[in-house]
Amino acid sequence: MWSPIKTALLVLSPLIPSALIPNFDKHSSNGTYDGPFTDGGVWSKAFEHAKEVTKHLSLEEKVNLTTAVTGPCQANSGGVPRLDIPGLCFNDGPSGPRYTDFVTQWPSEFTAAASFDRELIEGRARRIGKEFRGKGINVELGPVTGGPLGRSAVRPYAGRNWEAFTPDPYLSSTLSFLTVRGMQQSGLITCAKHYILYEQEPVCDGPLDDEGGRTGCEDISSEVDDKTMKELYLPSFAETVRAGTGAVMCSYNKINGTAACESNDALNRVLKEELGFRGFDFGATHSTVASALNGMDMELPGEYFYGQRLLQAINKGSIPESRLDDMVQRILTPWYASQQHTNYPRINYQKYDLSDSKEVNGHVWTNEHVDVRKDNAIYARKVAAESTVLLKNSGVLPLRGIRRIGVFGTDADYPSTLSGCGPDLFCLVGSKRRYWNGTVTIGGGSGAAYADYIAAPIEAMSLRARQSGIRVDHVLQNDPAHYGSMAWIAYQSEVCLVFVSLFLVEGWDREHLRLDKKGEDLIKHVEKNCAGEVVVVMHAGGQVIVEDWIDLPKIGAVLFAGYPGQETGNALVDILWGDVNPSAKLPFTMGKKAEDWPKNNIVRDMGKGHYPVSKFTEGLAIDYKWFDKHDINPRFEFGYGLSYTNFELSGFDIAEMYEKDQDSIQRTNERFKGERGLYDTLYVARVNVTNVGKVAGAEVVQLYMSFPKSEKDQPPKHLRGYGKKYLEVGQTTTISFPLRKKDLSIWDVKQQLWKIPHGTFTFRVGTSSRSLPLKLEVDIQTYY
Ligand code: NOJ
């Protein structure tokens with residue numbers, strides 16, 4: 001949900017000493033705009049069109065294009081009816097269209113990332129894009145591409161990490177690029193969000209309201225240094241710009257003391273100048289003049305600071321008209337470039353509302369309930385199965401030769417339909433009034449997508465078991481009041497399947513790292529009583545501490561299924577019965593105890609000043625890089641996941657191989673040392689992988705790189721390549737990892753450019769971040 005505007009912040013000078021934070025202390029002041037004007041880049045034809053149209057617009061019309069209006073969609077911007085410019089329709093979100101029906105609830109980004117499968121992720125994006133297009137939505141409020149990135153080695157408590165891909169910047173970057181490219185192929189405009197450093201929910205110190213909601217909340221200020229910003233948090237956004245995203249959403253947090261949506265450094269200097277972003281941005285608006293001068297192009301979802309106030313500011317000369325023209329051209333250019341003016345379905349839905357038509361400002365909008373799903377359920381099932389991580393297996397999986405299974409826990413059951421938790425799906429874990437029931441397929445808030453059905457685990461398992469004459473008993477409860485029946489059923493079951501979950505929701509960071517609804521006790525109770533082995537299935541959007549149950553003698557298998565979307569049960573059945581051989585890998589590190597992460601890792605107090613401050617003191621070392629740097633043994637490392645077969649690697653080599661950047665759609669203006677382009681390939685690493693087991697399956701081979709020892713502030717290693725291949729028994733294939741100049745570079749803070757540090761680089765290849773059997777060293781003494 002768009003949070004209400006709290007205060008109008010017109011303070012332009014940051015409150016943090018600038019020495020601490022190089023390059024984040026510049027602001028445009030009243031009347032002067034020193035940001036770049038768009039030239040459209042690769043969209044130059046569309047830009048010329050937009051420029052021509054701008055000449056014929058009145059001031060009021062220009063302002064209207066930048067301002068929210070009431071309409072049928074989750075948010076609408078104004079148009080120019082006289083010139084047939086209709087204004088844009090905006091709707092969440094990253095896992096499929098929210099607030100409408102006959103759409104697909106896809107596995108969340110965080111879940112899909114576990115597939116480590118580029119083709120699958122781009123396919124998911126293409127299909128989601130078409131669903132949005134089918135409803136006539138112009139701009140999708142997604143994908144989430146690095147805000148949050150998931151600063152989870154320091155903050156495994158974040159409430160929105162599940163909406164994004166992964167805390168690893170390389171994996172996040174590659175998936176962000178493919179997702180924007182895939183979604184925009186349908187003509188949709190994507191909105192990469194939330195820009196930037198949005199790594200924690202607001203801090204609240206008021207009492208809970210009647211609904212169990214939080215009050216007295218203040219946005220956090222993320223305090224970060226230039227190098228960490230460039231090397232860790234910015235790369236995913238750079239990739240979305242390169243992939244041609246038409247829009248960017250700036251975030252709710254402050255950056256080094258300044259609201260992200262009025263940060264000249266973040267918007268004008270970094271996003272528009274350095275990354276060369278030619279589209280439009282909008283987000284958490286706090287002001288009129290400061291926002292417009294410091295780079296915010298549109299205000300949504302209501303008219304608070306733009307509209308009339310923007311018009312007055314232009315008339316008074318506080319904002320030059322040339323800046324307004326730039327705002328308009330930034331909005332119109334991607335619209336023309338994606339051909340939405342000639343060839344796009346009209347809006348045929350309205351924000352969730354059971355009525356079939358609604359009158360807004362004299363216009364009647366009809367809700368046609370268009371079914372945009374096509375065969376997406378089949379693909380969503382595939383994504384969910386390919387993203388289910390097998391964490392432990394004694395051999396109990398795949399299920400074979402059994403006649404009785406017992407199923408336990410509310411998480412195997414049907415969830416309440418949408419209305420059970422309200423249209424925003426803000427089911428609050430601690431709320432008495434809106435509690436999550438049934439299986440968890442997605443988190444709550446803006447990242448939630450609507451499902452028209454949920455293939456609950458109990459439904460899918462019962463159907464599959466019946467085909468093979470297997471008896472299924474179940475107690476779909478967590479409450480100890482049912483422990484008696486559970487014990488009785490467990491005692492008669494050859495395999496006991498326990499379903500546990502962790503529901504995460506926008507606006508709430510976690511208080512602890514445990515499962516919801518005393519899931520740990522449920523597992524232990526079933527384990528104690530089960531006649532055979534126990535299979536634990538976790539539906540969770542992030543870290544869970546598993547130490548007090550995972551090594552119990554009867555825990556045979558553990559599956560981490562993330563938030564798999566509507567096809568949850570069907571995908572699970574594919575894995576349980578071995579129709580799909582598990583191949584997913586953890587896109588984050590699972591630690592053993594809360595102390596594995598730094599103390600006070602989430603800011604929970606208001607701070608002494610005007611707002612809470614979060615200092616990103618760990619720098620680049622988040623997630624596995626934190627564990628590596630501090631020599632902490634995780635329970636399951638980043639990149640870890642089992643299969644029903646085994647693989648062997650051989651023949652690792654690395655060679656120089658120049659190839660010019662082929663996939664940039666929009667070119668960035670990032671500065672670098674040397675002749676070759678930042679996104680040109682310089683080297684290629686190769687390794688052979690063989691399926692040496694007894695069943696066919698896919699393996700994700702991973703390449704990690706260590707910078708030369710001279711780079712003292714670098715964590716021990718970085719993911720720099722991954723490839724997934726399906727292999728029949730005995731089959732061998734070669735996986736190649738192209739290394740681009742940027743992949744070998746560091747950000748030089750002094751010179752303000754990317755450069756390859758000279759010295760010995762170490763490359764390791766393997767099947768997880770801690771299983772890297774093959775190693776090579778390469779001495780690099782050129783900038784290229
Ligand atoms: C604010 C959320 O942060 C953003 O992700 C979402 O797209 C908008 N609200 C609209 O729901």
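Author: A nonpolar core is a set of buried Ala, Val, Leu, Ile, Met, Phe, Trp, Tyr and Cys residues joined through side-chain atoms within 4.5 Å. With that in hand, let's look at this predicted model.

Reader: Happy to! Which residues have the most contacts inside the largest nonpolar core?

Author: The largest such core holds 49 residues. Strands β15 (389-393), β19 (533-540) and β20 (555-560) are among the elements that each supply at least two of its residues. Those with the most contacts inside the core are Leu391, Val536, Met538, Trp549 and Phe560.

Reader: Between which domains does this core lie, and why?

Author: The protein is divided into three domains, with domain 1 at 41-341, domain 2 at 388-583 and domain 3 at 645-780. Two of them give residues to the core, so it lies between domain 1 and domain 2.

Reader: Thanks! Is strand β5 mostly covered or mostly uncovered?

Author: Strand β5 spans residues 189-195. Seven of its seven residues are buried, so by the cut-off each has under 20% relative accessible area. That makes β5 mostly covered.

Reader: And which residue is the bridge partner of Ala192 in β9?

Author: β5 runs parallel to strand β4 (residues 139-140), joined by two bridges. Four bridges join β5 to strand β9 (residues 247-250), also in parallel. In β9, the partner of Ala192 is Val248.

Methods. Residues are numbered from 1 along each chain as its sequence is written. This is a predicted model: local features need pLDDT of at least 70, side-chain atom pairs count only at pLDDT 80 or more; totals for chains, interfaces and linings use all residues. Side-chain values use heavy atoms; hydrogens and water are left out. Domain bounds come from an automatic or database domain assignment. Buried means under 20% relative accessible area, exposed over 50%, partly exposed in between (1.4 Å probe, protein chains only). Two strands pair if DSSP finds at least two bridges between them.
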